[in-house]
Amino acid sequence: MANFPAKWWFLVVVLSCVGTTIVSCTDSFPPTHKTYIIYMDKWAKPQEFNDHNQWYSSLIKSVTSAAINPQGEEAGDDDRIIYTYGTAFHGVAARLSGEEVERVQQQDGVMAVFPDTMYQLHTTRSPLFLGLERQDSTSTLSYNPFDYDVVVGVLDTGVWPESPSFNDTGMTPVPARWRGACEVGRGFTRRHCNKKIVGARVFYRGYEAASGKINEQVEYKSPRDQDGHGTHTAATVAGAPVRGANLMGYAYGTARGMAPGARIAAYKVCWTGGCFSSDILSAVDRAVADGVNVLSISLGGGISSYFRDSLSVGAFGAMEKGVFVSCSAGNGGPDPISLTNVSPWVATVGASTMDRDFPATIKLGTGQYLTGASLYKGRRNLSPNKQYPLVYHGSNSTNLTPSSMCLEGTLDRHSVAGKIVICDRGISPRVEKGQVVKDAGGVGMILTNTAANGEELVADCHLLPAVAVGESTGKVVKQHYATHRGATATLSFQGTKLKIKPSPVVAAFSSRGPNILSLEILKPDVVAPGVNILAAWTGALGPSSLPTDPRRTKFNILSGTSMSCPHVSGVAALIKSKHPNWSPAAIKSALMTTAYIHDNMQKPLKDASSATPSTPYDHGAGHINPLKALDPGLVYDIGAQDYFEFLCAQGLTTSELLVFSKFANRKCRHSLRNGGDLNYPAISAVFPESTNVTAVTLHRTVTNVGPAVSSYRAVVSAFRGASVRVEPGRLEFSSSVKKITYKVTFVSKSRQSTPEFGAIIWKNAVHKVRSPVVITWLPPL
């Protein structure tokens, strides 16, 4: 991903002009009334209404035509209203017809109306790997994380409260400031909350409005998690230490969250059919009102204009209230422009590997050994002394077929029974392919990566002996099958291996930049462990997540940016516990400017999809370094008005800006020359299409959070296409000088067809405050 063709940059320009939107999922449902989110101007409430809820109820009643509900009665406005919002933002979610939407858009105080949209989940050793504990000790940090009670709100599929990761032994009483609740339902009572799980709520009205009533005999209409995703992410954030944690013998050790002293509040917003924006917004609104300090959101729904993205709008309101919001970047990699959750006021987290692997071996009939990965542990082991026939329903080309991908119903039992089946990745889940092979009578599976996945190895807990291999190894296996009559192989499993080199590596599936909405804002922000992560699991589902899996485990190993996001959320909670007065932007700055860009072989971070060095479009500022983030030296702080000024510079209309100005009745002061002047920890200089523009100047302000008397000097990377000048070149802080503004001037020497990457580092004897730099030359139109 180091180089992109010039025509790709033309695509960037075109998409920047046109914009993109999330497609409404409710458009696929036949009922006349669909769910819409109506953003309201808080300050426009007429005096005759006692409160905003009364106003919203009156407004909906005024635009709704008479309708008959399923009971044969006239449906009132209370039946139409799904949620009212009043903390992170202001508005109402309601069921409306197309004509009613047109009428409501004409009402005073209505800023915008958008259809409800569907989001999807972005689906141990990491504390040690991240330096949060020593190999020979269970100690974590030199200060007491209970000094400031941090509550992390996890928006996900709920929680399995019986997990030992949520044991509250030794925890202090729940802080008096906490305003959350423990909602009850099937399988979940108030006793399931404790001093660790301090809150649990459910949000399903938007889901039911779009998908129909939840079948409570099949699905828990309560905070209880039967999917496992929410339990896994919550434990990764703040799980209590559990000795002897493992997945059927794999990854044995002590499992603990990033911030084991933090509290967890579970907000269940995702159900079997997806996660709806009206429910997500209500959860964000409620979580902020409850008093969370951090929000961890491992889901996304594509990319849309800032003002049309409900999660972006909700996160802006949370940020205004001082809540740090961490979101997963998505699993659309290695394709460029595949990011979700790109708003500058959220931390966008990509995924990387750790130095732990689960090797498995393929022994071909020729005696050749090949290495892959697997988490298989079952009774149907293959004999290492016996060879089994191979079969592959494809060619060695890149043309995949349904049968080569082992999709359901494509394998013939007569050709598969008793054999090891070679299956290509794609379309269906990896573990489901193994189920298809098993159902067809196969005795094992070799799962081969395609070019999109490269050499990345993601381990799975298969239902039959199965080994995942990289693309190049897969080609060897397929070539062996094609050139040897009666080709055979056997599979064996090696357990857990530590200290893998190189690591970390950027995961192939991790979504990539640039940020198509604003090239001036580099995304993702950072990468964190997201491959083969061990954490707590639901008791309602087997580790493969397949309904046919009878196994039950207390812990499971998952991969995805869903797993990397809670790592950052947990570290943010640690930073908040040490620096309770820091803003969300200061916390994110600390994470970004202390991130590292070299692996454990002291070489540049690599991209798993290509085995070549990754770029800031892949890894953002780099891989998180929690201990250094606790003491970053300098931070780039950003206030809510600064973010609003950024939106003003993006060309949003007055009505579009109203969506973000709900609390302080904000107005554009035009304090930013352009979006690139936002005081972001990363620096992105964009030369416009006009060749007459030969210089771009950006401004930044750093705040000293280290020793009062500190001195820093600037170190700047060399670029082929531009010279870079930083003024001043030295920063001198004192007890009276705590903030200093500097400017960076980029002078174009030769326009490059692809972006250039480098860094500006402010250094002294103790700290290195690193800002990644991207220089982009847009092609002339």
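Is Ser 655 buried, partly exposed or exposed? With a relative accessible area of 40%, Ser 655 comes out as partly exposed, where buried means under 20% relative accessible area, exposed over 50% and partly exposed in between (1.4 Å probe, protein chains only). Ser 655 sits in helix 18; helices here are DSSP runs of H or I with at least four residues, strands are runs of E with at least two, and both are numbered from the N terminus. Ser 222 is 433 residues away from Ser 655 along the chain, and their C-alpha atoms are 38 Å apart.

A word on the model itself. It is a predicted one, in which local features need pLDDT of at least 70 and side-chain atom pairs count only at pLDDT 80 or more, while totals for chains, interfaces and linings use all residues. Residues are numbered from 1 along each chain as its sequence is written, and side-chain values use heavy atoms, with hydrogens and water left out.

Zooming out to the whole chain, the fold is made up of 18 helices and 42 strands. The radius of gyration is 27 Å, close to the 28 Å that the globule rule gives for 781 residues, so the chain is as compact as a globular protein of that length. That radius is taken over C-alpha atoms, and the rule is 2.2 Å times the number of residues to the power 0.38. Along the principal axes, the C-alpha atoms fill a box of roughly 80 × 75 × 60 Å. Of the 781 residues, 61% count as buried.

As for charge, the chain carries 76 positive and 60 negative side chains, with the centres of the two sets 9 Å apart. Lys and Arg are counted as positive and Asp and Glu as negative, leaving out His and the chain ends. Each charge is placed at NZ of Lys, CZ of Arg, CG of Asp or CD of Glu.

Helix 4 (residues 98-105) shows two sides. Glu 100, Val 101 and Val 104 are buried in this helix. Viewed down the axis of helix 4, the buried residues fall within an arc of 105 degrees, so they line one face of the helix; the arc is that of the directions from the helix axis to the C-beta atoms. Glu 99 and Glu 102, on the other side of helix 4, are exposed.

Next, the aromatics. A search of the whole structure turns up 21 aromatic pairs. Rings of Phe, Tyr and Trp (its six-membered ring) pair if their centres lie within 6.5 Å, and planes under 30 degrees apart count as stacked, over 60 as edge-to-face and the rest as tilted. One of these pairs is Phe 316 with Trp 345, edge-to-face at 5.0 Å centre to centre and with 90 degrees between the planes. The pair links distant parts of the chain, 29 residues apart: Phe 316 belongs to helix 9 (residues 310-320), and Trp 345 to the loop between strand 17 (324-328) and strand 18 (347-352). Both Phe 316 and Trp 345 are buried. They also belong to one aromatic cluster, together with Tyr 306, Tyr 643, Phe 646 and Phe 660.

The peptide bond from Lys 501 to Pro 502 is cis, with omega near -5 degrees, and Pro 502 lies between strand 27 (497-498) and strand 28 (505-506). Another cis bond runs from Gly 513 to Pro 514, with omega near 5 degrees; Pro 514 is in the loop between strand 28 and strand 29 (526-529). Ser 545 is not a glycine, yet has a positive phi of about 70 degrees. This serine lies in the loop between strand 30 (533-536) and strand 31 (555-558) and is partly exposed at 34% relative accessibility. His 670 also has a positive phi, near 55 degrees. The loop between helix 18 (654-657) and strand 35 (683-687) holds His 670, which is exposed with a relative accessible area of 62%.
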